[in-house]
Amino acid sequence: MKTVLQKRETELTSLHAELEVQPIANPFRCYTKLHLGLEQTHTKECAAHQEQLYNEQRLAMQRNHSQLEEFQRRLELELQSQMEKMSTSQAANLEACVQEEVTRLRESLQAEKEREMAKLEQEVMRLRESLQAEKEREMANFEQQHHRMRKVRTTTPQPDGDPTDCREGIRRARGISTRTRLIGVAVDIQEDVGNEGNGGSPGERQTSPVEGGEPSGGSSNMVPISAMVEAVTRGVEAALHNVLADGKMIPSRSGRRSRRRRVCEDEEVKLEKESEPVVHRDFILAEVRRLFKEKLGITQDLDFIMHRPATAEDVRAYEYEDGFGPDRNNLSFDLTQNYSSPWNTYILKLLCQELQARCKEENWPIKRGNNYITEILRERYKRLRTVWRNAQPKLTSKGVLETPTETEARLVEGRIQMGKDSRQANSRRNISLQLSHDPLLISALVGQKYHRRVMVLDEMVKSKSEAQDDDLQSWNSVENGVENVLRVKNMPWHRNIDWELEIVDFQRLLDTDIFSPQGSKPLTRKRSPDNPSTTRDAVKALPLALYDGAWFAQLTERQIEALNIPQQTFSWMKVVVA
């Protein structure tokens, strides 16, 4: 800019010099021309100067932009390096803290383990000393008793005469009844045979309870305490590692109902059932049947036989994995489990919600809580599950599954028997209801039944007398006196214990001075193979010695597993009277 001004001053100076030298013919025209020339020059110079400024600004902007990009790039690299350094240092610090915490916990666990070991050793020593002292006291008492018994035997005179007379005399003198003394003799033939096969004599096989310094259990069957403490320590370390390092949380079981809460809810439902009218319960049951009809397509319990249960894969995926669970539009129960399984519990919950939603939409006059509805749904499911399981093929006596024809025949027979039992129960219930309202009808029916039986006995005795049958004397005795007896039903699975029961019955006859004569008299029990057999299933989880051997030999392997026989042995004792 300074250069341009200097140039213009130079031009003005030269122009003034020319004007002074040359005379001006027309000064005004010359000035105008000079002014126009100066303006054009000035305009050109201004345009050139603006263009030059624009170019310089553009170049400066480009240089600044490139410098900014370079600065931004360097800043990003520096920030990235700083972040990497910070993450590395934080990871190292975290690892050091975790390692320090693990070391501290390990040291504390080791110290706790040592303290527990010391306490256990002290407890073992104390128990050993107490057992030793108890054993010494028992030995001393045993020796004293043995000494007194020997002294009494040597000082007591032996009675002369018949031993039976002596016992009767002692009984009359001391007022002691003739109690039966039962002697138990172990009849474990396999164990005796095994002991004899080992070549040991009876004296060698018996071990005195006072020999040795340790109890009969022995320390050989016990797990070492150090091994138990080490296993517990490893388990605690693994749990702490999962919580601190891996971030895993210990599963909570707070979602399950407590026993006290379950008992309270069941008691509330029971009281609600007892206090409600029959009409209200019938209404709720009818709505439950309607719900099952719409959701499962069944109108009665027998229709549930065709129900397709949920597959084992879907149930397992829902309970142990991330499965989808039951389909709301096509409900399928897990009929291999009861209503408390997660799959069935979810379905019953859906049905309860559907029933409560209908109650609100249709504005039912009778409303019940979720616990009440859930209890009804559970009972309904148990009945349907029983019907479905009864319709499945069973094992025959030959150990093969039933054919469809045999299954259908068994169901029809069971249905007929159920109808017969139902009609009989309804008849008895109706008669009892009528008798409870009319006492005169009770006496009339009882008298009518007695007279009818007397008439039948008279006709039978008359017929036997005319035919001169051999059992005429028996019918006369029946006519003279009738005795009530109990005919015990036969249980084919039960071991025969008639001998033991006869000992008990015979004891009442001997010890009449012990048993009170008051109360009802025990009836005579008749046990015979001709008596009817029981309809109940065999009792499970009994020792093998309590089952009948012939009946047990006919069972299949699956039936034996269903009995759930315990592993411990039960020695059968032969009871004799002494």
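**Exercise 1. Decide whether E265 is buried or exposed, then find its salt-bridge partner.**

Step 1. At a relative accessibility of 12%, E265 counts as buried (buried means under 20% relative accessible area, exposed over 50%, partly exposed in between, with a 1.4 Å probe and protein chains only). Before going on, please note that this is a predicted model, where local features need pLDDT of at least 70 and side-chain atom pairs count only at pLDDT 80 or more, while totals for chains, interfaces and linings use all residues. Residues are numbered from 1 along each chain as its sequence is written, and side-chain values use heavy atoms, with hydrogens and water left out.

Step 2. The partner of E265 is R261, with 3.1 Å between the closest N and O atoms. A salt bridge here is a side-chain nitrogen of Lys or Arg within 4 Å of a carboxyl oxygen of Asp or Glu.

Step 3. E265 and R261 are about one helical turn apart, because four residues separate them in helix 7. Helices (H or I, at least four residues) and strands (E, at least two) are DSSP runs, numbered from the N terminus.

**Exercise 2. Find the partner of R368 and say which parts the pair ties together.**

Step 1. R368 forms a salt bridge with E276, the closest N and O atoms being 3.0 Å apart.

Step 2. R368 sits in the loop between helix 10 (342-362) and helix 11, and E276 in the loop between helix 7 and helix 8 (278-296), so the pair ties together parts that are 92 residues apart in sequence.

Step 3. Both R368 and E276 are buried.

**Exercise 3. Locate F333 and list what it touches.**

Step 1. F333 lies in the loop between helix 9 (312-320) and helix 10.

Step 2. With 1% relative accessibility, F333 counts as buried.

Step 3. Leaving out residues up to four places away in sequence, F333 touches L296, F304, H307, P309, A310, W343, N344, I347, L348, L351 and Y381 (contact means heavy atoms within 4.5 Å). For N344, 11 residues from F333 along the chain, the C-alpha separation is 6.0 Å.

**Exercise 4. Name the members of the positive and negative surface patches.**

Step 1. The positive patch gathers R389, K394, K540 and R558. R389 belongs to helix 11 (residues 370-390) and is partly exposed, with a relative accessible area of 43%.

Step 2. The negative patch gathers D266, E267, E268 and E274. D266 is in helix 7 (residues 259-275) and counts as partly exposed at 37% relative accessibility.

Step 3. For these patches, residues need over 30% relative accessible area and no salt bridge, and like charges are joined within 9 Å.

Notes. Patches are made of residues with over 30% relative accessible area and no salt bridge: like charges are joined within 9 Å, nonpolar side chains (Val, Leu, Ile, Met, Phe, Trp, Tyr) within 5 Å. Accessible areas come from the Shrake-Rupley method with a 1.4 Å probe; for residues, only the protein chains shown count as cover. Lys and Arg count as positive and Asp and Glu as negative; His and the chain ends are not counted. The place of a charge is taken as NZ of Lys, CZ of Arg, CG of Asp or CD of Glu.
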